[in-house]
Every structure is written in C-alpha cells, then in structure tokens.
Amino acid sequence: MSDPSSDPSSLPPADPAQTPPPSTTVVPPSEPVEPPKPKLKEQLQSLPLDANLSKLIMLSYVGEQDEENRADGQGVAKFNDGHIYEGTWKTGMMHGKGKYTFSDGVTYAGQFTYNSITGVGVYTWNDKSTYSGDVKDGLRHGKGVFTAPDGKGMYDGEWVNGRREGEGTIYYNAEKTCYYQGQWKDNVRSGKGVAVYPSGNKYDGEWKANRKNGKGKMEWIDVNESYEGSWVDDKQSGYGIHVWLDGDVAHGDTARQRCNQYAGQWKAGVREGIGTFQYANGSEYHGAWSGNVKHGYGVFTYPDGHVYEGPFVNDRMPGREEGNRATEDVAPQLKLNISDLVEDESEEGKHQLKLIENLLLRYNSELKVVYKHYSGVTNGLGFGLGGEESTKKKNEVVFTMNMEQFRILCKECKLLDNSITFAMVNQIFYRMRRHHALYISSAWEDKETKQDDSGAVYYADQDENGMGVNNLERPLLFREFVEGLTRVAYHKYCIINKSVTVKTALRRVVEDHIRVYATQTGLNAFEDKMTEPKVKLGLTSNAGLLSAVFEKYAKKAEDGVMSKREFLIFVADASCFGNKKSYSPEEVMAFCEPSKPEHHHHHHAQFGVENGLDDGAIFENLMLKAEFLEAVCRLANAYNTNMVPLQEKLKTYFVGVLGPLMDNFKQAGVGETKIFVTGLEGQKVVDKDIKKGLQRPPRRIL
C-alpha cells in the first residue's frame, strides 16, 4: 500500500513558494482474502442418519424388558445395517440417555426421544470432528459447538435444522485469532458481525449473503488504514470515510498535522461523486471525484489558508483561468479568513489585514513551537464527568493539537477569566469553522459547472463529524490555531474597547500571554496538584456524584455547560452542609477563574478588561464540565483548611458536602427539582445578593 503523498504524477502544479500537497490517487487497499474455511465435512449440513430410527430392523437385543417382552430399561441392540444402540429403552423404543454407533464408525451419545435423536448430545466423526449441543430429529437445532478435526476450526452458536442460523462464532484456526462473530442465516453470514482476518485486519458491521453489505468499519492493521461507511458486495459504495494513519512522523509536527482522510461518496471501491480529502499537511480538497481522482469542479485550500477554486482534470489543476481565485503569489505566511472581523473589501480593511498577517509572520516560528508543545500535553483535567479522559484516541496517530490541549494553553497563558471562558472560546471556534464552511459552500454553489451532488454539497458543520460544539477532542490545525488566537484576541479586547485594533489585541495576546507563560512549568502549584494521578483517581471514582450535581444545577447539562449563576446557586446550597462556610459572590467567581496574569507592558484598563460584578452580567457566562470540575477542586481546597493532600480534601468535601446535598434531593421525592436555597428560577434573589456583595448565610434545608 502506497502513501497518499508518494505519487508526484497526481499533484497540482508546483507553486514557487509553496510545497504541493500530497497526492490523492491512492487506491483503497484491496479486499483482504477471505479467511480459509475449515474442512467441516458434509456433516455440517446433514447427518448420516435417518431422523426416524423406528424403521431400523432390530437383529438382536440384550437387556431389560417389560411384561410384554419389549425393551424397557437398560439394553443393547444391533440393527440390520450394522448400527448398534446401547442405553435406555422405554416400551420398545430408544428413549433417555444412550449411545448410537453407526456402521461407518460415527457415534452419537446423548438424549433420545422415542426412537428420535432429540435432546442434548455429542456427535463424533471418524476424523475426530465433533458436535456437542442441542439436537432435534437428528439435526443440529438450538445451541451447539462443532469442532473440526484436530481443533483447527470451530463453530459455537445457534443452529436451525442442521444449518447455522442466529448468533454464533466460527473460528478458523486453533489459536482463535481468525474468526467471525455475529449473525447467521441459512448457513451464511447475514446481519451484524465482526470478522478478524489472519493478518489481524478487522471488519465490524453488516453482512448479507456472506459479504459486507450495509454499514461497517474495516481496519487494515497491516497497512495502518481504516474505512467506515457503506458497503455493497465487499466494496466501498455510498458514503464513507477512509483514513490513512501514519505512525512514523514525530508527534506534534506542524508540517504533518493530521492523517490523510477522505470523506465522501464511493462506488465499487473507488472515490466517485462528491467528497472531501483532508491532507496530512493541513490542506484540503472539496469537490468532484471520478475514478478515484479529483475530476470536475472543486475547491482546494492550501495549508496556509489560501484557496484555489476551479476545474480539476485527472487530479490536476489545468491552466488557472482568469476569474479563478488562484494564488499565483502565495507568500510563506498564513492567509487569514477574518472578513467577519476586518472588512477586507475596503482599502483600509485590506491594509489592516496585511498588517495582521505580517505580525503573524513575525511570530510564526514561536507559535509553531508553542503549537507543537501543547499538541503533546496530556496532563489536563479534560475528561468528562464519566471519568474518561479527553485525549487522542488510542492506537490512532494524530498530529494536531485538540481543543482540550488548547484549553490547557489558554489556562497556562492566563487568557481565560470571568469575562471570557473556554465555553465562549468554543463558540468563537465554532463560528470560525462555520464562517470558513460558508465561504467554501458559496464558492461551490456559485459555479454553474458543478455536478449534481445529491445533497452532498459542503455544508456548514461538515467538519463536526458528530462532535458537539463543546467536544474537547476536536482537532485543531495550525492555521486554525493561529486564526483562533486572533479571534480570541478580538473578543478579549476589541469588543469591549472599540478603539483597540485587531492587530494591537493580537500583539497583546502574544507578548503578554503566550511569550510570558507558554510552555512554562511550575507557575501555579495548585494547578499542578489538580493533575496528579491520585487527584484524578479521586475525581474519577466519584464521577457519578459529580455528574449528578452538574445535571441537577445546569439547565444545559446535555450541552456540557453550566452558567456561573447556576454555579453560584450550587455553592450557596452546598454551604448548608459540612462546616457551613459561606462565600461572597467575588469568592465564588475566584473558584471559577484561573489565576490572573500580572500586567505586562501596558495597562489592562485601556483595553477595558477590568470587569467587576456590579451589573451581574458576568454570571450569565458559561463554564464547561471540565471547568466545573476544576472549580469544585478549588472549592474543596478552600473548604478543608487542614494541611493534607488535595485528594484527601476532595474526599472530605465529597463525603461531607456533595453526598448529603444529593441525598436531600432524593429525600425530597422522585421528580423533585426544587433547589434548597432559591430555586433555579430565583434569579432576582441572586442578583440582589450579587449587587450588595453580601455573604450568603447558611440556610435551613427545605
């Protein structure tokens, strides 16, 4: 299997200042050879025995008899065809437990029902293959295990009239490393099932008539690739996503930011129709495909953000016609798509955009170092309240920073405060992705030459891949990281103070935050304590309790966010338990807020970021589950003033406060939603206390 970047014949024309993106002409790996079927003998379909044994002529009988001289009890009989039965009889018929030996040496030992092999028993053939399980009228029927000679193959599952049907597993080797586990119908794979091949390759999905048909995921372990989507007769057909993994590249390398990936339409195992190819270096093509190559109208985004839109012929860009947004003068810098922040149609807007891009060019090397550092950081509390850590998927090589790692960067660089939370940052990045998507969509839809897409045109949330806005596992390309920092700077400074330009705001973010704090260690001892394994273990083991608290107080718990007003109410209610210590609104907000930065090179007041609690609007800001978790850690640390490790303080807080808090909800009755102090709807009471800055005294539990 070749690498998608290895075939130079399929590259767009080389740009003087831009390394071309990798090729997309890789043919998906050929279908693995069907695992060798075990020699299960003809007996797998039918048994060497007439179901009605009563037709056999008994030549001799030795054993117990009833008063009418019929075989009854224990006895041995020989039949005219050389068959022998030894076992229990009743009124002249084989009934109960016994052993039947056929003239050719095949034996059955088990239950008989009035001369019929029906019940539970074991067949043994001359080649040592066996069947053990349910039998009806001489045929395998029910649950049973067939073992091939020498144990080299085995089927364990359900049978109907001698054929595999229902749920079952067939092993193709003695080690049981090559197998199919799933549903069967009329002796073939049909329904849902998992097949593991001799190479270790694996398919998990739907089957029909012994072939992959329907939805399923194939993992080629031997060539480090995967495909998930629709199949028809063992071929990729319909919509699907194919990923080329690569484990040979240094982790966090900004020159190779992600795995090559194609998401789009397929036909008979090749890319055909409308699809998007995301390249490892961060570039992207969305458009028409034919015969596995780019062919037709498409939009190509370079790693630096520049865009080419126009026709492709046999995987190449033909001459760049006038009117296309070709990038003949691509500069070695990032192209920002921030027309929603800076009006780039006017001369002044173009000038401002150029100044911002030049500033980023100056910081480019430093930002790459920061990006690479944080793409390898895994010590955050970015797991949900279910205890699962939000890191890159195991066994999947990804070179990008993800949103959890960007959250750690924002915390360590002190970009977050009560005026801009990471929930707000998530919204900023969502709007950025949507802005880009709408731009590409408009470029596509404006072309009369576009092919029929059958509803598959690039849409606003195409890159969401089922992820919610607040999903911390979302990957973040380097160009998205840089533009995202620019947008965070805009929202942090420019919205509050209209006189601050985007360039000035960005410079302050880099010089007063990134340069001062990024990649530094030991700047906050308590933040370091929260990432210790014992603290994480304590949080994980109490994930159910923390989830219950979060869901009880957060109106938008399903979206993974809680307002700071709701957190304030939670803290006030929690003050009714344990040592009954209450906190002022300012103190509560300190639990939510990472440590503030020192002032560097300028006065924050000129940027309008000195926010108080006077208007109460700050309490409408949202916090993520992970931020709620960290706030609880700070709350537990303040609750227990003893000189003990943080994990002990968490345990004390969970047992003395959170446990009793939730127990009281249970005692209030099923469906009770009343909050002890004010009720979630009691915002006026909270607003009044906020404005007065009063400490809330312990309240009597309702």
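Predicted model: local features only at pLDDT ≥ 70, side-chain atom pairs only at ≥ 80, totals over all residues.
1. Let me start with K176, which is placed in the loop that runs between β10 (163-171) and β11 (179-185). The phi of K176 is near 60°, a positive value in a residue that is not glycine. Most residues other than glycine have a negative phi, so this spot deserves a look on your screen.

2. You will find A268 in the loop between β17 (260-267) and β18 (270-278). With a relative accessible area of 53%, A268 is exposed.

3. Is the loop residue N201 buried or exposed? N201 sits between β12 (188-196) and β13 (202-208), and because its relative accessibility is 3%, under the 20% limit, N201 counts as buried. Its side chain has a polar contact, at 2.9 Å, with the side chain of S199.

4. On to the aromatic residues: the structure holds 40 aromatic pairs. One of them joins Y227 and W231 edge-to-face, with 5.1 Å from centre to centre and 90° between the planes. Y227 and W231 are both buried. Another edge-to-face pair is made by Y262 and W266, at 5.2 Å centre to centre and with 85° between the planes. Here, too, both partners, Y262 and W266, are buried.

5. R140 has its charged end over the ring of Y131, 5.6 Å from the ring centre. R164 lies over the face of Y155, and the distance to that ring centre is 5.8 Å.

6. Finally, which residues touch the most other members of the largest nonpolar core? They are L367, F406, L409, F422, F481 and I514, in a core of 53 residues. Several helices contribute: α1 (347-374), α2 (403-412), α3 (422-445), α4 (478-494) and α5 (502-517) each supply at least two residues of this core. In soluble globular proteins, nonpolar side chains tend to be buried together.

7. Leaving aside residues up to four places away in sequence, F481 touches L367, V370, Y371, M401, F406, L409 and L476.

Note on methods
Residues numbered from 1 in each chain as written. Heavy atoms only, no water. Helix = DSSP H or I, 4+ residues; strand = E, 2+ residues; numbered from the N terminus. Buried < 20%, exposed > 50% of the residue type's maximum accessible area, 1.4 Å probe, protein only. Polar contact = N/O pair within 3.5 Å; in protein donor to acceptor, adjacent residues only side chain to side chain. Phe/Tyr/Trp six-rings, centres within 6.5 Å; stacked < 30°, edge-to-face > 60°. Lys NZ or Arg CZ within 6 Å of the ring centre and 35° of its normal. Core = buried A, V, L, I, M, F, W, Y, C linked by side-chain atoms within 4.5 Å. Contact = heavy atoms within 4.5 Å.
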